[in-house]
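Trainee: I'd like to learn how to read salt bridges and surface patches. Could you walk me through them?

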Amino acid sequence: RWQKIFMFPLWSKMAVFWNKMFLTIIVLLIVLFLDAVREVRKYSSIHVNEGAANVNANAFDHIQMKLFRSQRNLYLSGFSLFLWLVLRRTITLLTQLAKGMTSNAALETQVNDATEAAKKYMAENERLQEALNEKGTGKNKEAVEATEKLKKEVEHLKAELQKTSSALHKANMEVTTVKKHSEDLKKEYDNLMKEYERLQ
């Protein structure tokens, strides 16, 4: 489903600018985060003594308001930066998973075709051997040559079947690894969202 969504023409047009957009937004979020850190440090370092606070309560409230705003901006920019990186990683894993699943399906069809062809050649080989046994040995050179040829083809097809089945096994392992990575990422994301809700 995700592969179909990512195959829309809109995404292919955006893919050219995707890395530039990603880096631009990352730089912007880092600048906002650093500015928020600077503001928090600036207003945290200002201490108003009690006598001055009683005299000028508005100034104390104004400093506390600015400190609250800078802390809010710090949390918002920090979580936005982190979630932007998580979003990038999630999209990358989803694309890899979709590609792995399509290659897995293609390898499965290739393996099925190879097994069907091998079964057909083996049945033909058995039929020819039965025909040879009926006619006797040494009477028909062409049948012997055809049998040898068929044996070579069967061995070749068995080798191909072995190769494609090993490739299928490797693709299955890659798909399971990517699925495991995406599940771990999802768990980590859920934990972070719970922590974010708790902080809110």
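**Reading salt bridges**

Mentor: Let's start with a pair: Glu-39 and Arg-38 form a salt bridge, and their closest N and O atoms are 2.9 Å apart. Keep in mind that this is a predicted model.

Trainee: What makes a contact count as a salt bridge?

Mentor: A side-chain nitrogen of Lys or Arg has to lie within 4 Å of a carboxyl oxygen of Asp or Glu. Arg-38 also forms one with Asp-35, again with the closest N and O atoms 2.9 Å apart.

Trainee: How far apart are Arg-38 and Asp-35 along helix H2?

Mentor: They sit three residues apart, so about one helical turn separates them.

Trainee: How many salt bridges are there in the whole structure?

Mentor: A search finds three. One of them links Arg-198 to Glu-195, with 2.4 Å between the closest N and O atoms. Those two are three residues apart in helix H5 (residues 141-199), so they too are about one helical turn apart. As for networks, shared partners join Asp-35, Arg-38 and Glu-39 into one.

Trainee: Is Glu-39 buried or exposed?

Mentor: Under 20% relative accessible area means buried, and Glu-39 has 18%, so Glu-39 counts as buried. Arg-38, at 44%, is partly exposed, and Arg-198, at 59%, is exposed.

Trainee: And which residues make the nonpolar surface patch?

Mentor: Phe-8, Leu-10 and Trp-11 make it, and the patch covers about 320 Å². Look for Phe-8 in the loop between helix H1 (2-6) and helix H2 (9-44). Patch residues need over 30% relative accessible area; Phe-8 has 47%, which means partly exposed.

Methods: Residues numbered from 1 in each chain as written. Predicted model: local features only at pLDDT ≥ 70, side-chain atom pairs only at ≥ 80, totals over all residues. Heavy atoms only, no water. Patch = residues over 30% accessible without salt bridge, like charges linked within 9 Å, V, L, I, M, F, W, Y side chains within 5 Å. Areas by Shrake-Rupley, 256 points an atom, 1.4 Å probe, with all protein chains shown as cover. Helix = DSSP H or I, 4+ residues; strand = E, 2+ residues; numbered from the N terminus. Buried < 20%, exposed > 50% of the residue type's maximum accessible area, 1.4 Å probe, protein only.
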